[in-house]
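Here is a note for a colleague who wants to check a model point by point. Please read it with the coordinates open.

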Amino acid sequence: MAKARKLPSGSWRVLVYEGKDETGKRKYASVTAPTKREAEKLAALQSIQKNNTPGITIGEAIDRYIQAKEAILSPKTIREYKAIRKRVFQGIMGLQIKDLTNERMQIAVNQYAATVSAKTVKNAVGLVTASLALFAPDFRVRVSFPRASKTPLSIPQETQIKALIEDAKEPLKTAILLATALGLRRSEICALTWADLDTKKKKLTVNKAIVMTPEGGWHVKGTKTESGTRTLDVPPFLMDHLKQLPRDGERIIQVTPDSITYRFITLRKKHGLDIRFHDLRHYYASLLLALGIPDKYAMQRMGHATTYMLKNVYQHLMQDKQQEVTDAINQALTDRFNPS
């Protein structure tokens, strides 16, 4: 897709190819917008609509939609879109858009829902809906989704984490410490460089993440949201640990996020634990809540844009307390009214 160029006025312009005129000269349409990202997005949408044909299939619509979005969305999102295109709703991918009905779409959803979660189904339908909006804006996808089953939140216990840290080898040990003591994600941990660590001020800057590309490689990009970029004070014990690590390369952790996951699974199975690496962030969040840290500051430290995860952790902690509270009430009543 054509790239946007900045104009003297400060706006951004993209030239969209429209074909050739009767003389064979190439024709372009000019698309301008206040920002580069917006200009390229508008140009991509205009280009894909120009290439529409009456007999386009659902699969072709999705292919064109993904192609138009490659310069806009993250490599991870594009990779997920391509995976959906390749594996999901194959029974309707060759169907022309004009022949699609909500009944056919519902049948495809029901078949897919038998093997995956409700969230996965919604993601797949979302891609189809967005693609159809470009080519058949009058068609509205109206389907019923399976009821979502809530996955129980898991918060590791301190004794479990300590056992894992003591037994872990590098670089997994450092990864566990960064997740537990700073609440970092796998992608953030693997993207950290030594330049991000200020040993004098004892601070660590999180401003990027490493994600898998659609081709299966790894790509370093900025944080997903503005709130994801943050500078954290490093606890003394963690700073001492980081200082002792050999500086063999630019990055602090010389492995990929997948490698961290595989090593962590091996380690936690060894200890008979059923927890994920990401659950270490849940522990960190629970610690912030236990210390009475206001949501605003807890969100900043964890790189969250909303309180959704904090609320889930809080609810989990309250559920754990319910039996303790019930026992205390029952005991108090027993002490006061038990005749014996």
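In which helix is the place of S131? The points below begin with the basis of the values and then take up that residue.

1. Basis. This is a predicted model, in which local features need pLDDT of at least 70 and side-chain atom pairs count only at pLDDT 80 or more, while totals for chains, interfaces and linings use all residues. Residues are numbered from 1 along each chain as its sequence is written, and side-chain values use heavy atoms, with hydrogens and water left out.

2. S131. This residue has its place in helix α5, residues 118–135; helices here are DSSP runs of H or I with at least four residues, strands are runs of E with at least two, and both are numbered from the N terminus. With a relative accessible area of 1%, S131 is buried, where buried means under 20%, exposed over 50% and partly exposed in between, for a 1.4 Å probe and protein chains only. Apart from neighbours within four places in sequence, S131 is in contact with A61, I62 and Y65, a contact being heavy atoms within 4.5 Å.

3. The chain overall. There are 13 helices and eight strands in the chain, and buried residues make up 40% of its 340 residues. Of the contacts with a separation of 6 or more, 61% are between residues 24 or more positions apart. The accessible surface of the chain comes to about 20200 Å², and 50% of that belongs to carbon and sulfur atoms; such areas come from the Shrake-Rupley method with a 1.4 Å probe, and for residues only the protein chains shown count as cover.

4. Helix α10. This helix covers residues 257–270, has 14 residues and reaches 20 Å from its first C-alpha to its last, close to the 20 Å expected at 1.5 Å a residue (the expected span being 1.5 Å times one less than the number of residues). Which residues of α10 are buried? They are P257, S259, I260, F264, L267 and R268. Because they cover an arc of only 150 degrees around the axis, they lie on the same side of α10, the arc being that of the directions from the helix axis to the C-beta atoms. In general, an α-helix has 3.6 residues a turn, so residues three or four places apart point the same way.

5. Surroundings of α10. The buried residues of α10 pack against α6 (158–167), α7 (172–182), α8 (186–191), β6 (208–212), β7 (218–222) and α11 (279–290). The face turned away from that buried side carries the exposed residues Y262, T266, K269 and K270. Just after α10, G272 takes a positive phi of about 70 degrees.

6. Salt bridges. A search of the whole structure finds 11 salt bridges, each defined as a side-chain nitrogen of Lys or Arg within 4 Å of a carboxyl oxygen of Asp or Glu. One of them joins the side chains of K270 and D167, at 3.0 Å from N to O; this pair links distant parts of the chain, with K270 in helix α10 and D167 in helix α6, 103 residues apart. K270 is exposed, with a relative accessible area of 62%. Another joins K203 and D233 at 2.6 Å, N to O, and this pair also links distant parts of the chain, from strand β5 (residues 203–206) to strand β8 (residues 230–233), 30 residues apart.

7. Backbone details to inspect. The peptide bond from E170 to P171 is cis, with omega near 5 degrees, and P171 lies in the loop between α6 and α7. F89, although not a glycine, has a positive phi of about 55 degrees; F89 lies in the loop between α3 (75–87) and α4 (102–113) and is buried, at 6% relative accessible area. K202, also not a glycine, has a positive phi of about 60 degrees, lies in the loop between β4 (197–198) and β5, and counts as partly exposed at 41% relative accessibility. For context, most residues other than glycine have a negative phi, and most peptide bonds are trans.
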